[in-house]
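Work through the exercises below with the sequence and the structure open. Try each task before reading its solution.

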Amino acid sequence: MCIDMDAYFASVEQQANPRLRGKPIAVIGSGGRTVITTRSYEARRYGVKTGMNIYEAKKLCPQIILVVGNNEKYTYTCKELSKIYFKFTPEVEIYSIDEAFLDITTTHHLFGGPDDIGHSIKKEIKRQFGINCTVGIAPNILMAKLVSDLAKPDGFRWIKPEDVQGLLKELPVKEMWGIGSRISERLERLGIRTCSELGNAPVSLLRNKFGIIGETLKQMGQGICSRPLISDAGDPKSIGHSMTFSKDLSAKDTIKAQVLKLSALVGRRARRHGFTGRKISLTIRYPDFETFSKGTTLPEFTNITHEIYHAVLRILSTIKLKDKIRLLGVSLSHLMKENKDQLTLFSDRAKERSLLQAVDTINDKYGDFTITWGSYLENMERPTVISPAWRPSGIRNIAIKN
Ligand SMILES: [Mg+2]
């Protein structure tokens, strides 16, 4: 799905200042020799175009209102818009300040299908921000972008795989995203005018004339695009957990138990998302809010609870605590994607891994800390997460002896 805001900067300005609504306006830069960056649809009716200077614009539309652009406003709105997208799928690529791609392949059924998602997003953007956008839905990014361009403004178009060829049949090549006027002129000289002519052109001819992109051009003509969506959720830089305690901690065993609990949470999250890390950090906050962190780098990447735990204990042993502890935090950073083969090269780690896998599977099914370490349970006051294993008398537990 491609979501493209209509006249984005101008729309944001019209929403920010009601007096600009319904009027021909243009957003310009702040410099002296500035040009039109975006113009409202009202200004487009007068023929005002992007890239025109102010005098040309005023000649066409004397009543045009010029607004100096405010990038902060546009980037802020862009970020707020992305929050709407993430409600429908974790696979979101903010392609530019006013365009985003969403992969809804695995989530659309949860929201009533592509049609419903598209209209829900359009409606939500209109409701929250008052601005119009155009939604294009297609089997790939290239076609989604194309149909959103064709459906502008305030449009909606969903093209199914079986209709792609029909659409491309008479479509001029320059309509295709990524084919500018220079390439389209050169194609025309070769007698290639429409997308389907491009798709049917011999690859040798295209390679000969356009070099390495010849093949890509042919595929574009066929509506084929293998560019994956580059998700902005991205990889996390660190995985961490911290806890503020209702009663400041002083007993060594209690501190160690909480460190184990935090290490278990960090390890589990890293395993769940398939990450390993090499740097372990401990954060401590005293009752007077003095806070500090100390880290250590391990020789090997890990996401094994006990390796994290022991690393934190080593850090802890180098710290002379000056007071009770109000907050503890454990984090894993210097992350990389997990390589399971590498981890199992070491047989003792293989054993630990399969143990953790079993524990994770059970905890996933019955709730956090259904199975946990004995040393943690002995020093725990009460569960912080109500799991199905919770009983008034304490967690029903099957402890693994460490
Ligand atoms: Mg746009």
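Contact means heavy atoms within 4.5 Å. The model is predicted: local features need pLDDT of at least 70, side-chain atom pairs count only at pLDDT 80 or more, and totals for chains, interfaces and linings use all residues. Residues are numbered from 1 along each chain as its sequence is written, and side-chain values use heavy atoms, with hydrogens and water left out.

**Exercise 1.** Find where Pro 139 lies and state which residues are in contact with Pro 139, leaving aside neighbours within four places in sequence.

Solution. Start with the location: Pro 139 sits in the loop between β7 (133-137) and α6 (141-151). Helices (H or I, at least four residues) and strands (E, at least two) are DSSP runs, numbered from the N terminus. Next, list the contacts: beyond neighbours within four places in sequence, Pro 139 touches Ile 159, Lys 160, Pro 161 and Val 164. For Ile 159, which is 20 residues from Pro 139 along the chain, the C-alpha atoms are 7.7 Å apart. Last, the accessibility: Pro 139 counts as partly exposed because its relative accessibility is 45%. Buried means under 20% relative accessible area, exposed over 50%, and partly exposed in between (1.4 Å probe, protein chains only).

**Exercise 2.** Decide whether Asp 4 is buried or exposed, and list its contacts.

Solution. Asp 4 belongs to strand β1 (residues 2-5). Its relative accessibility is 7%, so Asp 4 counts as buried. Leaving aside neighbours within four places in sequence, Asp 4 is in contact with Asp 98, Glu 99, Cys 133, Thr 134, Lys 145, Ser 148, Asp 149 and Lys 152.

**Exercise 3.** Describe how helix α10 packs against helix α11.

Solution. Take the geometry first: α10 (residues 203-210) and α11 (residues 214-221) pack at an angle of about 130 degrees, and their axes are 7 Å apart. Therefore α10 is oblique to α11. Angles under 35 degrees count as roughly parallel, over 145 as roughly antiparallel, 65 to 115 as roughly perpendicular and the rest as oblique. Then name the residues: Val 203, Leu 206, Arg 207 and Phe 210 of α10 make the contact with Gly 214, Glu 215, Leu 217 and Lys 218 of α11.

**Exercise 4.** Which residues of α8 and α10 meet?

Solution. The axes of α8 (residues 181-189) and α10 come within 12 Å and cross at roughly 130 degrees. The two helices are therefore oblique to each other. From α8, Ile 183, Arg 186 and Leu 187 meet Leu 206, Lys 209 and Phe 210 of α10.

Notes
Axes fitted to C-alpha atoms, helices over the stretch in contact; angles between N-to-C directions.
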